[in-house]
Amino acid sequence: MSKFRFLTSGESHGKCLTAIIEGVPAGFEIKPELINEDLKRRQSGYGRGGRMRIECDTVEITSGVRFGKTLGSPITLVIQNKDYENWQKIMSVNPEDYTDEKSFTQCRPGHADYAGSVKYNQKDLRNILERSSARKTAIEVAVGSVAKQILMQFDIKCSSKILQIGTVSAPTLPSHAGRVSEGQEGFEAEIDRVKELGDTIGGKFEVIFENLPVGLGSFVHWDRMLDGRIAQGIMSIPAVKVVEIGENPLGYLGSEYHDEMFMENGKIVRHTNNAGGIEGGMTNGEPLIVRAVMKPIPTMRKPLKTVDLAEMTECEAHFERSDTCAVEACSVVAEARIACVLADEFLQKFGGDSLNEILSKFNV
Ligand code: EPS
């Protein structure tokens with residue numbers, strides 16, 4: 001049974017985004033400023049669009065924390081949508097405020113519009129756009145930041161970097177180099193070029209967690225395999241189409257791919273980490289390396305050909321505004337998703353009702 005659980009709510013242009021986290025033991029230090037740092041990282045990155053100039057995401061903790069420490073009770077996080085001010089009538093909960101201003105029926109290929117309208121029996125695609133928008137990843141990053149702060153107590157740290165934007169790759173750097181600044185110019189030039197075309201572009205990024213204990217996850221059931229849980233967490237970030245753990249094994253022989261083990265100074269060591277820190281669905285003590293590919297955002301200034309679902313005629317897809325590239329934001333969301341899975345596994349293995357109880361199990 002999961003130990004670190006959460007639900008989120010909120011529409012892209014609704015009043016606010018909310019999360020309730022259940023299962024955080026008492027006594028953990030939670031700093032809102034660290035959550036806000038991650039929120040800021042999610043908002044920045046080259047290629048973000050107009051909405052990010054409106055929002056300045058900051059978290060309010062409305063339950064579960066007192067004098068900076070968790071109580072063991074549910075933690076509630078709230079992020080206000082500043083843009084709501086401009087959408088109050090359109091996003092009103094009252095039927096008397098109904099207006100068809102800002103409704104649309106020209107579905108965007110690649111987005112949730114078409115399948116969502118059929119599934120939820122909605123004519124106005126705004127009813128699909130609002131929750132399917134990647135806006136909700138803001139509150140997911142806030143939850144992930146709480147998970148990171150749990151892990152930080154045990155010196156588990158994470159970082160991420162962009163590996164590729166479209167076909168432009170970062171220079172090969174050691175995995176521990178942190179966020180790439182080299183290569184950034186090439187990335188920015190490519191994003192500028194695509195923006196000029198009214199188009200969008202995706203890319204590839206990497207997330208690394210270091211200092212994980214051996215044995216998080218399990219091989220005993222499919223839904224307890226850590227790699228499977230991580231893949232689900234990353235693949236369900238809007239626009240992610242590929243998830244890799246460690247090196248892509250295509251082209252390697254078994255003798256080349258597997259990370260041989262040696263004894264040095266009384267300790268087991270490896271000289272390679274092609275497995276990306278997971279063997280048999282469990283952490284093996286090496287850094288966890290996750291890479292993912294985000295597709296180009298489907299909301300585009302240069303519209304795609306599509307169908308107007310009200311008229312059932314061919315038309316151009318709906319466009320309000322969009323990001324040209326959100327790969328950097330996606331890497332921050334991925335950090336959050338992995339942190340939530342790891343915090344859950346960590347609390348399953350070492351959990352208790354308080355930090356002290358966990359420390360006594362962890363330090364054995
Ligand atoms: C986003 C907020 C959204 C989009 C973007 C991500 O705001 P708006 O719809 O008001 O422009 O900018 O989401 C998409 C492009 C998408 O297709 O879902 C955010 O906060 O990250």
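**View 1. Strand β9 is largely enclosed by the rest of the structure, because seven of its eight residues (203–210) are buried.** Buried means under 20% relative accessible area, exposed means over 50%, and partly exposed lies in between (1.4 Å probe, protein chains only). Strands are DSSP runs of E with at least two residues, helices are runs of H or I with at least four, and both are numbered from the N terminus. The model is predicted: local features need pLDDT of at least 70, side-chain atom pairs count only at pLDDT 80 or more, and totals for chains, interfaces and linings use all residues. Residues are numbered from 1 along each chain as its sequence is written, and side-chain values use heavy atoms, with hydrogens and water left out.

β7 and β9 run antiparallel and are joined by eight bridges. I165 has G203 of β9 as its bridge partner. β9 is also linked to β15, by seven bridges and again in the antiparallel sense. Here F209 stands opposite L288 of β15.

**View 2. Five strands make an open sheet in the order β8-β7-β9-β15-β10, with antiparallel pairing.** β8 (168–169) and β10 (240–245) are the edge strands, each with a single partner, so one side of each has no neighbour in the sheet. Two strands count as paired if DSSP finds at least two bridges between them. β10 and β15 (residues 288–294) run antiparallel and share five bridges. V243 has A292 in β15 as its bridge partner. Helix α6 (residues 184–196) packs on this sheet and touches β7 (157–165) and β8. The direction of α6 makes about 55° with that of β7. Contact means heavy atoms within 4.5 Å. Axes are lines fitted to C-alpha atoms, for helices over the stretch in contact, and angles run from 0 to 180 degrees between N-to-C directions.

View 3. Four bridges pair β3 with β6 (residues 75–80) in the antiparallel sense. One of the residue pairs is E60 with V78, its bridge partner in β6.

**View 4. H13 sits in the loop between β1 (5–9) and β2 (16–22).** H13 counts as buried because its relative accessibility is 5%. Beyond its neighbours within four places in sequence, its contacts include R51, W87, M91, E130 and R321. The C-alpha atoms of H13 and M91 are separated by 6.9 Å, although the two lie 78 residues apart along the chain. The side chains of H13 and R51 form a polar contact of 3.3 Å. A polar contact is a pair of N or O atoms within 3.5 Å; within protein, one must be able to donate a hydrogen and the other to accept it, and residues adjacent in sequence count only if both atoms are side-chain atoms.

**View 5. The ligand has 14 residues around it, of which H13, R42, R51, H111 and R321 come nearest.** A residue is near a molecule or strand if one of its heavy atoms lies within 4 Å of it. Polar side-chain atoms lie 2.9 Å from a ligand oxygen atom for R51, 2.8 Å for H111 and 3.1 Å for R135. Taken alone, the ligand exposes 470 Å², and the protein buries 93% of that. Accessible areas come from the Shrake-Rupley method with a 1.4 Å probe; for residues, only the protein chains shown count as cover.

**View 6. T306 belongs to strand β16 (residues 305–308).** T306 counts as buried because its relative accessibility is 10%. Its side chain reaches the backbone oxygen of C107 at 2.8 Å. Leaving aside neighbours within four places in sequence, T306 is in contact with Q106, C107, P109, T313, E314, C315, E316 and A317.

**View 7. L342 lies in helix α9 (residues 327–350).** At 0% relative accessibility, L342 counts as buried. Not counting residues up to four places away in sequence, L342 touches L151, F209, L212, L216, L226 and L288.
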